[in-house]
Amino acid sequence: MGSESPVFDASKEDHFGEIAVLSDAKDVLTHILHVDDDPSLSPWTIRAFFLGIGLAVFASVLQEIYYFKPQAIYISIVFMTVVGYALGELLALIPRKGRFLTLLNPFPFNSKEHGFIIIMASAAATNAVSTEILAAQRLYYNADPNAGAAIFLVISSQLLGFGIAGLLRSVLVQPSRMLWPINIPVVTLLETLHRDKAETRFRLKVFWIVFAVILVWEIIPEWIFPLLQGLSIFCLAKQNSLLFTNLFGGSQGNEGLGFLSISFDWQYIASLGSPMWIPLYTLTNSCIGYLLCIVLFMGVYYGNIWESQHFPFMSQLLFDDASNSTVFSEYNLSLILTPQNEINRTGLAEHGIPHLTGTYLAYLITTNMGCTAALVHMFLWNWSDIKAGFFFLHPTNLKKLLQPSTYMFWKGGLSKEEHKRRVLEDPTMDPHYKMMVQEGYEEVPNWWYGNVLVLSFIVGLGTLYGINSTLPWWGYIIANLFAAVFILFFGAQMGLTGFQFNQQPIIQMVAGYIHPGKPLANMYFTVFGFNGVQQGQWLARDLKVAQLVHLSPKATFTAQILGAVIGAIFNYIMMKTIVTNQFTILKSIEGSNIWSGQNVQQYNTLAIAWSIAGDMFSVGARYQWVTISYLLGFIVPVPFWLLYRKTKIEFFNYINLSIILWYMGWLFVGVNASILSYFVIGFFAQYYLRLYRPGLFVKYNYLVSAALDGGTQVLVFIFSFAVFGGSGKAHNFPTWAGNNGGFSADKNIDFCMYNPANG
């Protein structure tokens with residue numbers, strides 16, 4: 001009996017629609033989603049490739065636009081799912097007459113084609129970090145690298161993370177505990193759109209009603225009545241106080257903390273992800289961090305720590321000694337840079353060390369602590385989830401590196417039957433993946449991902465020397481090693497909690513110390529060290545989507561490769577267009593409520609600052625706590641872990657200092673007036689509905705979240721070009737009580753006092 005192949009019975013795991021309080025990841029996977037499949041459905045159609053490539057172009061253009069917005073907004077897969085469904089059903093109306101028309105419409109549009117399309121579009125829907133350095137070079141260094149070299153730089157940096165994530169998919173994707181909560185709304189929507197219409201008729205009706213209502217509604221806060229983006233009773237009552245602006249304002253980039261403001265604009269409420277799918281554990285820890293952030297930022301600024309009141313309350317720029325509370329003087333970087341874009345020590349000595357704003361420093365300190373705290377937290381609390389990622393370090397596997405057979409990738413590895421047995425006998429594996437293995441879906445060999453990794457590495461190295469990046473080969477290798485380790489740790493954290501950590505500051509710190517005086521080398525180090533992590537996380541997320549919609553691994557691999565390459569090309573094209581048309585606004589401190597250069601400013605600021613790390617951040621320097629905070633981060637989770645092991649009090653287990661510390665710096669940038677609305681909606685969905693109305697939660701929570709995202713992003717995309725100047729010319733709504741003109745009229749749209757020192 002022991003030699004018989006194990007059998008997985010999917011029907012025993014399918015609890016779709018059963019009313020229950022969901023307590024873990026497996027409950028979500030088996031109650032919210034169907035554990036069944038039709039292997040006869042094929043994604044390999046001309047229709048799927050045509051729509052996938054078209055949506056990849058569309059998504060990459062839109063995401064690059066959002067990069068230059070005052071609030072970081074990520075293209076929702078739900079949005080692409082809705083657009084892809086509409087276009088797929090449209091092409092399905094083509095009559096099947098003749099060979100050509102039959103190729104375009106071989107059979108009814110199916111869920112596998114749809115999954116293939118959105119995986120390709122999602123792989124393209126990123127703003128590659130490499131476009132940040134290219135934008136920074138144009139805005140601050142009067143340089144513009146060759147277009148061909150720049151495009152290959154973007155492609156290689158995108159695919160390196162893909163290769164690493166693919167090799168780690170058995171750790172980051174296939175287990176049940178790796179839920180990737182961000183994916184549940186889109187998979188729920190896919191099922192609702194493609195299952196039997198008699199079964200899903202009412203759910204579809206709910207989706208389209210919410211979708212239509214939010215699409216129409218968003219016209220009001222986005223254009224007609226922008227005061228609703230962030231309504232502050234306090235600022236309306238007192239419009240001549242910068243204290244009120246700093247604490248209660250937040251409707252424009254870098255305005256204020258938005259405390260107790262109410263937002264009616266879903267674009268900003270769900271800018272970093274809908275609060276309706278964020279797990280309660282993550283919501284609770286992030287809310288604690290958010291409240292502490294307000295206390296910290298106000299304390300730093302009004303305590304005048306680091307001479308904070310000589311500089312803006314919120315800004316990511318560098319300032320010089322001439323700055324004061326009435327006139328902010330931006331640091332002239334050209335005075336301390338050589339023609340080779342390296343630090344001129346003589347110029348630095350003459351003009352002094354640059355200054356940073358107090359809130360930005362507070363963000364760096366808490367984020368740095370959170371970064372190292374995350375590594376320790378994952379080791380202490382989640383070692384069982386990530387230990388397989390270190391399996392290659394086992395002595396037996398290290399010995400294999402000396403054997404020639406190890407490098408014969410076309411041989412060896414587990415047979416299909418051995419792989420099947422391993423998966424089906426593993427109780428930690430996702431039931432959806434078990435079902436796919438049971439039905440004979442062929443897995444992608446690891447050497448496919450290995451080849452992508454190696455080829456991307458070679459192209460990236462050649463590109464760096466081709467565009468005179470000043471980053472040496474050995475620095476490039478170190479950057480990629482960081483990416484590999486961080487994808488494992490922070491990818492697992494995102495898969496488990498839905499929380500995505502920003503590793504950019506720690507990567508730039510490392511670059512600053514190993515490449516002192518070279519800001520360009522710092523930025524290119526960050527392209528591969530940080531972008532690799534970010535891209536790896538997103539592609540691991542999409543691998544989970546493919547697993548839950550039961551898309552074959554080889555189709556998933558094809559879609560992701562095509563999407564990543566297409567996205568890289570159009571990211572570059574769109575970046576060039578926006579920087580050319582919005583050059584002046586992108587260089588301003590506050591930007592506008594439509595365009596902002598804050599992300600590029602932050603990137604450039606950190607590159608310059610860390611290039612003189614010894615002068616700014618080393619122990620004994622002006623901002624020494626930015627570096628010391630990394631050491632503190634290694635320590636802070638340990639007492640909570642020890643207390644939980646000793647007392648078993650659930651509070652100590654529930655607290656995640658990595659998340660709390662990151663959110664303690666959350667408000668340093670962007671539109672913050674939506675935060676109260678974000679938490680109210682999140683706790684209503686994940687606490688009240690999940691615990692007290694589980695029937696509504698199981699049936700509609702994720703579906704409504706998908707509808708809100710989809711309707712909002714359709715409207716915002718249309719308005720970005722038709723109204724907000726994405727095509728080169730903006731069409732502002734006439735000023736009135738609900739629209740005071742904002743930045744263009746030297747005002748904040750929530751009527752908080754505008755700081756005249758901003759210029």
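A search of the whole structure finds 55 aromatic pairs. Rings of Phe, Tyr and Trp (its six-membered ring) pair if their centres lie within 6.5 Å; planes under 30 degrees apart count as stacked, over 60 as edge-to-face and the rest as tilted.

Before selecting anything, note the ground rules. This is a predicted model, where local features need pLDDT of at least 70 and side-chain atom pairs count only at pLDDT 80 or more, while totals for chains, interfaces and linings use all residues. Residues are numbered from 1 along each chain as its sequence is written, and side-chain values use heavy atoms, with hydrogens and water left out.

**Stop 1: Tyr281 and Tyr654**

Select Tyr281 and Tyr654. Their ring centres are 5.2 Å apart and their planes stand at 85 degrees, so the pair is edge-to-face. Tyr281 belongs to helix H15 and Tyr654 to helix H33, and the pair links distant parts of the chain, 373 residues apart. Helices here are DSSP runs (H or I, at least four residues), numbered from the N terminus. Tyr281 is partly exposed, at 22% relative accessible area. Tyr654 is partly exposed too, at 28%. The classes are these: buried means under 20% relative accessible area, exposed over 50%, partly exposed in between (1.4 Å probe, protein chains only).

**Stop 2: Tyr301 and Tyr302**

Now select Tyr301 and Tyr302. This pair is edge-to-face because the planes meet at 85 degrees, with the ring centres 4.9 Å apart. Tyr301 is buried, with a relative accessible area of 12%. Tyr302 is partly exposed at 36%.

**Stop 3**

**Stop 4**

The elements giving two or more residues to the lining are helices H1 (25–31), H15 (280–302), H17 (358–381), H23 (473–497), H33 (650–654), H35 (675–692) and H36 (694–722). By class, the lining has 15 nonpolar, 9 polar and 4 charged residues. For those classes, Ala, Val, Leu, Ile, Met, Phe, Trp, Tyr, Cys and Pro count as nonpolar, Asp, Glu, Lys and Arg as charged, and the others, Gly among them, as polar.

The pocket holds about 810 Å³ of space. On a 1 Å grid over the protein atoms alone, a pocket is an open set of points where a 1.4 Å probe fits, with protein on both sides within 12 Å along at least five of seven lines; lining residues have an atom within 4 Å of a point. Grid points are joined across faces, edges and corners, and the volume is the space filled by probe spheres set on the points.

**Stop 4: a charge over a ring**

Select Tyr644 and Lys648. Lys648 lies over the face of Tyr644, at 5.2 Å from the ring centre. The test asks for NZ of Lys or CZ of Arg within 6 Å of the ring centre and within 35 degrees of the ring normal.

**Stop 5: salt bridges**

The whole structure has 10 salt bridges, each a side-chain nitrogen of Lys or Arg within 4 Å of a carboxyl oxygen of Asp or Glu. Visit three of them.

- Asp37 and Lys112: the side chains meet at 3.2 Å, N to O. Asp37 lies in the loop between H1 and helix H2 (46–67) and Lys112 in helix H5 (residues 111–124), so the pair ties together parts that are 75 residues apart in sequence. Lys112 is buried, at 3%.
- Asp430 and Lys544: the N to O distance is 3.0 Å. Asp430 sits in the loop between helix H20 (416–424) and helix H21 (431–438), Lys544 in helix H26 (residues 531–548), 114 residues apart. Asp430 is buried at 0% relative accessibility, and Lys544 is buried at 0%.
- Glu442 and Lys554: this bridge is 3.4 Å, N to O. It runs from the loop between H21 and helix H22 (446–466) to helix H27 (residues 553–581), 112 residues apart. Glu442 is partly exposed at 48%, Lys554 partly exposed at 26%.

**Stop 6: positive phi**

Most residues other than glycine have a negative phi. Select Trp306, in the loop between H15 and helix H16 (345–351). Trp306 has a positive phi of about 60 degrees and is partly exposed at 22%. End at Thr470, in the loop between H22 and H23. Its phi is also positive, about 70 degrees, and Thr470 is partly exposed at 25%.
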